[in-house]
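Please work through the exercises below with the sequence and the structure open beside you.

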Amino acid sequence: MANHTELRVEQISKSFPGVRALQEVSIGFRSGRVHALVGENGAGKSTLVKIIAGVYRRDGGSILIDGQEVEIHDPRMANATGISVIHQEFSLFPELNVIQNLFIGMESTHAMGAVLDKRSMERRAREVLGRLGLSVAAGRPVKYFSVAEQQLMEIAKCLIRDAWLIIMDEPTSALSDSEKNTLFNIIRAMKEQGLAILYISHHLEEIAEIADEVSILRDGRLVGTYDVGAVSLANITNLMVGKDIELVFNRTRKEPGRRVLEVKDLAREGSFRDISFTLHRGEVLGLCGLLGFGHAEVCEALFGLLSPEEGTILLDGRTAGFTSPLEAMKAGIMYVPEDRKREGLIQTMNAEENLSLMSLHWLSKLGWIDLKNQAAVARALIDRLSIKVTTPKQGVDSLSGGNQQKVVIGKCLSRTPRLLILNDPTRGIDVGAKEEIYRIIDRLAGEGVAIIMISSELPEYVGLCDRVLVFRHGRIIKEFAHEAFDQNRILAYMLGTAEG
Amino acid sequence: MAKADRRRRAAGGPFFRLILEQYSILILVIAASAAFALFNPRFLTLENLINLSRQIVPMGLLALGASFVLIGGNLDLSAGVGATVCGAALGVTFVVTKNVALAFLVGIVTGLAIGTVNALFIAKAGFGSVIVTLAVMTILQGGIQLLLAGRIVFLSHPLFAFISRGTVAGIPFTFLVLVAFFLLAWYLLNQTKFGVHLYAAGGNRRIAEVVGIRIQRVHFLTFVISGLLMSVSGIVLVSRLALISPNLSGFPLLLNGVSAAVIGGISVTGGRGNAGGVFLGIIFIGVVSNAINFLNVTPEAQDLFRGLLVVFALIFQQLTIRRRLPAGSASGAGTGGAAGVKEVKGEL
Amino acid sequence: MNRLKQTLRYRIKLFTLLGIVVVLIVVFSLASPFFLSVTNFVNVVVHSSILAILAIGMTCVIISGGLDLSVGSIIAFAGVVGVLAFRQTGSVILGLAACVTSGGAMGVLNGLLIGYMGINAFIATIATLAVFRGATLMITGGHTISVTDPAFNFLGQGQILRIPVIIPALAALYVLFFFVLRRSVLGRSLYAIGGNARAARVSGIRVRLVTLGVYVLSGTLAGICSVYVIGRLSSLQPWAGLGAEFETIVAIVLGGINIAGGEGDLLESLAGVAIIAIILNAINLVPTIDPFYQSVVKGGIILAAIAIYERFKIATSR
Amino acid sequence: MKGLRLVIMVALIGLVALSLGFARGNRPEREGTAAPEKPVVGAVMVDITNPFFVQVMQGGNTMGEALDVEIIWKSSEGSLEKQLALIESFIEQEVDCIWVDPLDPEAVKPPIRKALAAGIPTVTGANLVEVPGNVSTPFPSYDAFYQLTGMIAAYLGNEGSVVYMSGIPGNWILDQYQAGFEDGMKRFPDIDILSIQPAKMDPALAAQIMESWLTTYPKGSLDAVVFTTDPDMYAAIEAMKNAGRAGEFALFSQNGDLPAVEMIENGENGVKIDLLSHGIRIGAFNLMVAARLAKGEKFPEVLWFQYAPVMTEATWDKIVAAGYRKDVQKGDPFSEDYITPERAKEVIADAASEFSDWQPPK
């Protein structure tokens, strides 16, 4: 199927007002290889991808396929030349059914290209989905399918487009580990069939597992391209950041203080049941489990986003069932949502307004916001979390991922919370930013804040938590104390492969 | 994941929901008709049903046009007045030239022209559809005055008479026309590339662009279609009255049409809905406004009556149509962009 | 940097608006000798005062990402309630209070449908538009109720130091709501909801409540309008405020506010109102604009304005 | 780039509209209002999208020619707020006389007073506006339909069933017709009013209403249909034709439009009586008053405008034989007992001459 052998970008440059996103980058992507692209946020990964995919026009340089130069003006053209992109945010249409989604933009038709040839599309779809081991009702709107299934549909889309270069941007960010493995197997299979895969991820261990070669970008420049076998994850990190990081997790543990939170027999139909645990001052409690295993829902329930049907929540010994986030906040519980874009930030507002959003009720008197006070609070948070902004009035949409995440966390810290819930606080941000956030967590714990955290990376549990609760199908099936931490065993419990 | 997913399906019961989504409006129609029939048995006589089938045609055509535009994520407020303008253009041409064929041609061309102007501003230049069509509507209101110079124009010709009262196998000709257009619409939406692309463009503009759908073209087409349908609606309207008068009001007709479309399951935010639902929607509105005259609702109470029924219908529809994804945590990354936002709007 | 761009764009927007206003004034002064005069200026303000009041509420609603088409009908219905209360009790205060509060009450209905039922604002308020107008016709039997109470008439026609009462009232309202939007919790919540409703909820903003609130606000302002209308017309018209909603939206969009929500500023809508007001007044004043051409001219000017914004990439989306 | 082209394009649209406006101006010279020799009448109509007011303007213009005055026509577009605004801007323009067709007799009083205070004489058409110094030319709407019921009753032989298609609820004049109709009918207990539905001056609605009536009342159960205005009747007649029941009922209406008059003449569709008010006559009459006021003439404060029932001699004889007697309530609504369709046509043809040397009744 691979009708090409290599796509090379030569001396590609691109700059936006105020930023030089890419400077003379040259990389080659060969069929039958998985090529990883790494770099901190703002290093130029997505810019490069967008140029290859025809979303951006490059300022300088050239793109060559099998040695001869090509022009890619728009996504349509990219598709035509066999390049497909799977974006982090899926490009599926919830209301359209599977077939319509798979063939969107390139439907096969008869009668002067207007009337759909449904039969042939259906046939092709079945065949491709079959290859991915996915058997679904192809006539159903995709909004009724699980994230993993949708992920596979994205891949099916590429295959149907006869793509030979498939670009995957953080393909695992929403997948559980088992789903991840399925994906990797599929990637390997595609590799066998001679496709070229450009794999973008922050999870270096994934890269070690799946990639053949890795290119590292820093500040819009290519640091270099290496065979994965030839470099250790440590050097990759160093090369990305440009400085040596000896210890990522610097967690100073001490005796947890008095009990802050006690949860008894919490249950919610279809989400979780028999949930009981306690949490103390200065303690970091990790809730881990696969997607949909209920740990995330428990957090939402604690913050009043979901209402539990049974059970009690005791905060400092007093019963506290919250029906709205505001109540929870007033009781000193703060929540950092998992999805920055959808739940964390108001894109139309500036940093200062976003930072003060969760403190409005005490920044204001009689419904009027004390702007001086607000500015001060924002200023303080910006310094405290060293958020990089030109001015507090800078629009958040123009901040880098890491800084956006810091703003989201900052929102919760305008007053030291009693209980802080972090739902995957380091999702999709670069190593440098991650490390800073680890420090923040540590500092907060040191200040006596009780912290509950969920992460998509096991090492974070091991590195940051004092205790970890493993969820499976809505139940707590295992508790690990810090000294008993062991990534593999935790994983085993999550996957249900461990005994008792 | 398998387990998690099974739970999702269980909680979802999508097929049941789909059925309910489809039939909620049908239930509504039946309930309404039954209720009215109770008050006045003659309501369900063949004669009245034929009246009904005649009365809904102009509104129905507008509703259909509106549906296309709405699925694309826009709004065409000019359609109602546009219809009357087409009627006026047709009438004037007929009176001046006495040539029916030419008159109809002019009527339809006028509609297409209006649609194209909207399309140019909205699809090509990317202005907001609400404001543009509002402005165009204002202009058209002046246009009809200029066309008719404020006078009533009478249309006496067998062809108008036929459109007005002609029947095929006992079914009013115009109603058949309406049905034909709905079948056509169903075909366009479900069997053609344009249809799929339209849903995509309305469902999530950004993604649609990335997969290389020519959004401009799609939107352009929707407004032209709306233009065509407004002209047909106008033709039917004036033929039914055999006259065109400047205070023939098209705007309420459109508002009813839009309500019908929405009650029929078209999402005002775009990307959702189908021809069948809209058809039931217009029948519901038709039944209601027919009943108003039929049940002798006192003149002053009529608007209230109509309004309350529409509100009720909207609430009912809201309760039956599922907006949110099936159960499963906030990990909405999968549902993607605007779709995600839309779901959320539903759940807030 | 980005912020700077924003402020710059904002300035450009205001300057554009200012420019349009100036051009209009010049054109119309040429077309009519009576256009440039103090009394006519007063006329312009008085004639557009309803529009101006409604524009405040509509701006808030639009910023929150909604739309309220029922305000025109609320004016009439609130008026009915007010007048009835006045007739029953004979107390002006109660009458006025009834106007305003009943307006708010109707806002509650909108708010419930939109905020709690989750019905799309456009469609929901189209329906309530019919309901309120219908209720008005039902109660009044479609007849005008004349109100010759000095207090009402003072609010509608009275003058303080030869300045119509409504003008200072307007000024007050605008100053108040300018600050409400700029620095009140309510205002901030509106921007947040319009910008990203879900994030707003997660940030502890009571989205449903605030949504309800903003429609109550818009309803209340419509109620205030009805007081003024009754006073000015020394009677209650069952058709009062007909079509006011669309004129208001046009004005706001002319102000360059994005109907998608999350952005906007009262100054902009004020400018929009000014443009509409001037156009309408000029159409009245210029003797040679044939009545048949009124709406053509109006529509043409609106289109022109939008086009100019597009030139500066101001007006956006539906 | 594209943006620019559009700006130009659209700006052009706007300018064209404006210039057209100037071009189609009622008078060639631009600031005609300033021209001293010719008195200027500012005319505030209710809503020119209504054919009736177009006729009014027609009649006004012809009379304007005859009496050599300039007229500035403005439309309130059905909104009272706009109407007041228009009156105020006419005061601003210092016209020589303001002629208002009020949406509401109460509401226009303040601006009328304002005008009179500014020394501008005012005429209010259609209904009584009791402001000292203002001249009202009210329609005898109430009495006209009160009398009409008498004729209808006589025609039906004092028994039978009728339906009434009313106008826009809340429109003062149209409500007066309805009131006159209902009160008048009270005198005839054996005639029942089966239904009253508002056509809201919208032909489409009129047709729809007629259709429901046709379904509700099978052959023989309905004798007469009464309309507020002729356009409604035309639409309804179309509906009757659709049902193949045209001519089954006796039709009564108001306006005196040419088509209606001709139907009476040719005995088509069962149209029996049409009250001749006619926009052209009304326009001519009011403009005549306004023009003379503008020239400094004085009039009594109330000048009743008069209708005339149009019917064939046959019909007249029939209702007289059946015992129709005019019994006047407030004032005689009719200038003549009845006029034949032929006469009616002539009257409409030159409305100017009917009123140009009209004198108020002593």
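**Exercise 1.** Decide whether Phe16(A) is buried or exposed.

Solution. Phe16(A) has 10 other C-beta atoms within 10 Å and is therefore exposed, since a residue is exposed if 12 or fewer other C-beta atoms, placed from the backbone, lie within 10 Å of its own, buried if 20 or more do, and partly exposed in between. Phe16(A) belongs to strand 1 (residues 6-16) of chain A, where strands (E, at least two residues) and helices (H or I, at least four) are DSSP runs numbered from the N terminus.

The model is predicted, so local features need pLDDT of at least 70 and side-chain atom pairs pLDDT 80 or more, whereas totals for chains, interfaces and linings use all residues. Residues are numbered from 1 along each chain as its sequence is written, and chains are lettered from A and ligands numbered from 1 in the order in which they are written.

**Exercise 2.** Locate Lys98(B) and state its exposure.

Solution. Lys98(B) sits in the loop between helix 4 (79-97) and helix 5 (100-124) of chain B. Its phi is near 60°, a positive value in a residue other than glycine. With 10 other C-beta atoms within 10 Å, Lys98(B) is exposed.

**Exercise 3.** Treat Glu94(D) likewise.

Solution. Glu94(D) is in the loop between helix 3 (80-93) and strand 3 (97-100) of chain D. Although Glu94(D) is not a glycine, its phi is positive, at about 55°. Glu94(D) has 14 C-beta neighbours inside 10 Å and so counts as partly exposed.
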